Amino acid sequence: MHKTGLRIKAMPALMDAALIERCQSLSTTHISDSMGRLQGADALRPFHGVSKLAGTAVTVKVRPGDNLMIHKALDLASGGHVIVVDGEGDMGRALLGELMMLYARSRGIVGFVVDGAIRDVAKFREYDYPCFARGNTHRGPYKDGPGQINVPVCIDGMVVNPGDLVVGDEDGLLAIPAADAESVIAAAWQKAKDEERTIEAIANGRSSRAWVDDAIAAKTGGDLSFIDS
C-alpha cells in the first residue's frame with residue numbers, strides 16, 4: 001500500500017488543563033459568536049447525554065465503514081485527547097461502539113467526534129460519555145484500512161487539525177485552531193458576561209431596544225418614513 005494511504009503522524013500536544021476547564025462553563029453559542037459565527041458542524045448530534053466535550057483533537061481519516069486506524073488512534077491517544085473521525089459521513093456501518101468507548105474511557109480519552117455512524121447508543125447514554133456522530137446503525141465495521149492519523153480532516157464541512165481545541169454541547173460542535181484557543185475562549189467568556197448583564201436588564205425591565213431602530217436606520221440612511229406611526 002502506498003504510504004499516502006496509510007500514515008501516522010506525531011501526536012499533538014495537549015491543551016492547557018486550565019483552558020479546558022474554562023470551556024466546561026462556556027456554551028458553544030458564545031464560542032461561535034466569538035468566531036464570527038462561521039465555524040461549526042451542524043449535522044452531528046450528541047449521543048451521550050449532557051456532559052460537555054472539551055479536549056485536544058486527535059484526527060483520524062478512514063475509509064467508509066472501516067475502523068482499523070481508529071483502533072490505532074485509541075492506543076496512541078492519552079488523557080485529554082478527543083478522537084475526531086472523518087468517516088466521509090457514511091452511515092452504512094458503525095465505526096465504533098461500546099467496547100471502543102469503554103477502552104477510550106479507561107485511557108482518559110475525553111470523547112469522540114464521528115462524521116459517520118456509531119452503535120450501542122444506550123451505553124453511551126448510560127456512561128454519559130461524550131460522543132457526537134452523524135447517526136447510528138447496528139451494522140459493524142471492517143478492519144482492513146487504509147487510514148491516516150493526525151492529518152487535517154473535514155467534519156461536516158468543518159476543518160479540524162490535530163491539536164485543535166474541540167468543544168461540544170447540546171447546541172453543537174466546534175473546533176478552535178490551537179493558535180487561537182486562548183483568545184477565542186477569552187472572548188467567549190466576555191460574551192457570556194455581556195449576556196448576563198442583558199439578562200439582568202430584561203429581568204429588571206431596563207432592557208434598551210434602541211439598537212433595533214439604529215440598525216434599521218443604518219440600512220436606510222436614517223430614513224424611517226416606511227414605518228407607520
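1. Ground rules. Residues are numbered from 1 along each chain as its sequence is written, and side-chain values use heavy atoms, with hydrogens and water left out. As the model is predicted, local features need pLDDT of at least 70 and side-chain atom pairs count only at pLDDT 80 or more, while totals for chains, interfaces and linings use all residues.

2. Helices (H or I, at least four residues) and strands (E, at least two) are DSSP runs, numbered from the N terminus.

3. Neighbours of β5. Strands pair if DSSP finds at least two bridges between them. β5 pairs in the parallel sense with β4 (residues 81-86) over five bridges, and with β6 in the parallel sense over five bridges. Phenylalanine 112 of β5 is the bridge partner of isoleucine 83; in β6, its partner is cysteine 131.

4. Positive phi. Aspartate 120 has phi near 60 degrees and sits in the loop between β5 (111-118) and α5 (121-127). Aspartate 156, with phi near 50 degrees, is in the loop between β8 (153-155) and β9 (158-160).

5. A cis peptide. Glycine 145 and proline 146 are joined by a cis bond, omega about -5 degrees. Proline 146 lies in the loop between β6 (131-136) and β7 (147-149).
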